[in-house]
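Here is a brief report on one chain fold. It starts with a sheet and then turns to helices.

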Amino acid sequence: MASSASGRAGRGLPPPAAAAAAVLLVLAGAAPAAGCYPRVFSFGDSLADTGNYAFVYGNDSSQPALRLPYGETFFHRPTGRFSNGRIVLDFIAETLGLPFVRPYLSGRSAGDFACGANFAVGGATALSPDFFRGRGFDGMGDRVHLDMEMKWFRELLDLLCPGNLAGCADMMNQSLFLVGEIGGNDYNIPLLSRVPFKKIRTFVPSVVAKISSTITELIRLGAKTLVVPGNLPIGCVPRYLTIFKSDKEEDYETQTGCLRWMNKFSQYHNKLLMKELKKLRKLHPGVTIIYADNYGAAMEIFLSPEQYGIEDPLVACCGGDGPYGVSPTTSCGSGEYTVCDNPEKYGSWDGFHPSEAAYKAIAMGLLRGSYTQPSIASITGSCPQLAELGSSVEYKPLYNL
């Protein structure tokens, strides 16, 4: 898999003179809404992937996300996104007045990246497979991880500013960087492989350290505004609610029906991440580092689904039988699966990933600033769309640091 993905950077590159000319166009940017970021760069996993997955696994017909019903609601075709439609990154781009962020592996020339690039890949981890092999777990395969995504980003800088990375300084300064969501698969894959939970918990400091080193590298390269999302409440994931079903009432949150111990684990990851971001802010006072509280924004859906038009927040629209819309013998796009008539009424699309309706709710919580710290609306006052969204809202975490 790694070889098929990493080969993009050498294909179809323009000669130096043409590349230099193209850079002037790219650095001029597109025509986003006045005052907003002219481009977005994104890193992460399936929660952020806008299509790289299709290039990594394009020849693998066993991948359900590469065929319908994935993408059926908005795009009316599979795009490599892990949902029925748009994801958080798409709503952010729309709000900024930008086109959907291009998957890096789909581009060939500098002009393809005038509005940024997305390096996220479904299934990606923060840590490399070698980390897990060194700890006795060999189930990660040869998957994309943050170091690979950063390698692609440096290759893109070489394309945009050949022989002179300093020429990209203004572009880096004016761009919005999203580092995540990432880290979920560092836990998901061992969890599904029944690695002892106590052992998985020991991975968290290393995952957070890798996210931190990635942020540090981006700052070294010139990034000035970075958004770093935390993990979602995995105790509300239908697949986990099915696999780890418990007869003990105390294992479930009273208000949401989510698995308490799994949500506490997500909070543990997020608290360590927030502490690390606090350290980074002190080290880089001239850089804006925003924590995106995915957990809090998503919990709004499970606490008050009706305000988003969602009727079944813990049920998958696409999947199989069972109280949570998933079964051990089938999955969305594979086997004898079923698809609901109204995906907008469901919190989950396929039992692991949110529906477009849920993604939109999370995105709006972040963009309004109520679940970003500092508020993304307050630090981008020259962006009228964000300023309007963020009027009279305050950050409201569901748990304290």
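## Sheet and helices

In this predicted model, six strands form an open sheet in the order E2-E1-E3-E4-E5-E10, with mixed pairing. Strands E2 (116-118) and E10 (372-373) stand at the edges. Each has a single partner strand, so one side of each is left without a neighbour in the sheet.

E1 and E3 pair in the parallel sense, over four bridges. Within this pair, Phe41 stands opposite Phe177 in E3. Helix H4 lies across E1, E2 and E3. H4 runs at about 170 degrees to E3.

| Element | Residues |
|---|---|
| Strand E1 | residues 40-43 |
| Strand E3 | residues 176-179 |
| Helix H4 | residues 88-95 |
| Helix H13 | residues 294-303 |
| Helix H14 | residues 356-367 |

Now to H14. This helix has 12 residues and reaches 16 Å from its first C-alpha to its last, close to the 16 Å expected at 1.5 Å a residue. Of the 12 residues, 10 are buried, so H14 is largely enclosed by the rest of the structure. Among the buried residues are Glu356, Tyr359, Met364 and Leu367. Just after H14, Gly369 takes a positive phi of about 95 degrees.

H13 packs against H14. Their axes come within 9 Å and cross at roughly 125 degrees. That angle makes H13 oblique to H14. The crossing is right-handed. H13 contributes Asn294, Ala297, Ala298 and Ile301 to the contact. H14 contributes Ala358, Ala361, Ile362 and Leu366. These four H14 residues are also buried.

Terms used:
Residues numbered from 1 in each chain as written. Predicted model: local features only at pLDDT ≥ 70, side-chain atom pairs only at ≥ 80, totals over all residues. Heavy atoms only, no water. Helix = DSSP H or I, 4+ residues; strand = E, 2+ residues; numbered from the N terminus. Expected span 1.5 Å × (residues − 1). Buried < 20%, exposed > 50% of the residue type's maximum accessible area, 1.4 Å probe, protein only. Pairing = 2+ DSSP bridges. Contact = heavy atoms within 4.5 Å. Axes fitted to C-alpha atoms, helices over the stretch in contact; angles between N-to-C directions. Parallel < 35°, antiparallel > 145°, perpendicular 65-115°, else oblique. Left-handed = near helix turned anticlockwise from the far one by under 90°.
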